[in-house]
Amino acid sequence: MPTALIVGASRGIGLEFVRQYLEAGWNVFGTHRGEDDRIRLRDLGAHTLRLDVLEPNDVAGIAWQLDGERIDVAVVNAGVYGPRTSHIAQPPTDEEFDLVMRTNVLASMRLIPVLAPLLVPARGTLGFVSSRMGSIAEAGAAYGMLYRVSKAAVNMTARLAHAEYGGQGLRVLSLHPGWVRTDMGGPNADVEVDASVAGLRRVIADPIAWPGGSFFDYRGQSLAW
Ligand SMILES: NC(=O)c1ccc[n+]([C@@H]2O[C@H](COP(=O)([O-])OP(=O)(O)OC[C@H]3O[C@@H](n4cnc5c(N)ncnc54)[C@H](OP(=O)(O)O)[C@@H]3O)[C@@H](O)[C@H]2O)c1
């Protein structure tokens, strides 16, 4: 039975990854912060791990809690958007910058050396849930500046992980889930969470069609960095 680890599994896209991998018969680890979320994940049939990605001790704790596990797919999904007002004309405060960059970028950097040794033996896949808003090539509007900058940095982090571990058989992907109806995406988003995750799982499942070191959306389209 293959094993998946979903980082940030309490709701939205992460929770749907847990649901779909469980439904497909996988062994699933899901991380959470809240106790209610732990119970929901447990009741679904997932193994639960407490992880606040802002806490270095929690990240280190994942390493020993998963010691000896062989992970086929790890999805780094935890993320925050930050201030909706962030714009080139309205830069973030220190606090806003710290929260978004530490959650989206620093945590991704810290998780790579913890997750890679668990994934390499399985020649597994490490997927970062990034965003098309992080594409520098496509940048055409200044709204969501802080989030965009953070996801551009996530993309670079993913590419560097691929450069470092690709030779050992680890496949690293940057993934765009679409504009998805979740707490973050809001009610006007145009993609249902189940369709987004089904599409991302299809991309993750096929290393020939969707090779590592690349940036793909949930429909399997290649995106420009
Ligand atoms: N929705 C979209 O349209 C869209 C589009 C492009 C990319 N994305 C990306 O997709 C990912 C998931 O988004 P979503 O729409 O599902 O968002 P969401 O509903 O707001 O869920 C965010 C998830 O991140 C977790 N998280 C946030 N800060 C954390 C921390 N410090 N430690 C651990 N977990 C933390 C949350 O856990 P708690 O419940 O504990 O807060 C929750 O599980 C994000 O990386 C987002 O940037 C979303």
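How many residues apart in helix 1 are phenylalanine 17 and tyrosine 21? We get to that in the last view.

This is a predicted model, with local features needing pLDDT of at least 70, side-chain atom pairs counting only at pLDDT 80 or more, and totals for chains, interfaces and linings using all residues. Numbering runs from 1 along each chain as its sequence is written, and side-chain values use heavy atoms, with hydrogens and water left out.

**View 1. The shell around the ligand.** 28 residues surround the ligand (a heavy atom within 4 Å). The closest are Ser10, Arg11, Arg33, Tyr147 and Thr182. By type, the shell splits into 12 nonpolar, 11 polar and 5 charged residues, with Gly counted as polar and Tyr as nonpolar.

**View 2. Oxygen atoms of the ligand.** A polar side-chain atom of serine 10 sits 2.5 Å from a ligand oxygen. Tyrosine 147 also brings a side-chain N or O atom to 2.5 Å from a ligand oxygen. For asparagine 77, a backbone N or O atom is 2.8 Å from an oxygen of the ligand. On its own the ligand has 880 Å² of accessible area (Shrake-Rupley, 1.4 Å probe), and the protein covers 94% of that.

**View 3. A ring pair in helix 1.** The structure holds 4 aromatic pairs (ring centres within 6.5 Å). In one of them, phenylalanine 17 and tyrosine 21 have ring centres 6.1 Å apart and planes at 15°, so the pair is stacked (planes under 30 degrees apart). These two are 4 residues apart in helix 1 (a DSSP run of H or I, at least four residues), which means about one helical turn separates them.

Conventions:
A polar contact is a pair of N or O atoms within 3.5 Å; within protein, one must be able to donate a hydrogen and the other to accept it, and residues adjacent in sequence count only if both atoms are side-chain atoms. Rings of Phe, Tyr and Trp (its six-membered ring) pair if their centres lie within 6.5 Å; planes under 30 degrees apart count as stacked, over 60 as edge-to-face and the rest as tilted.
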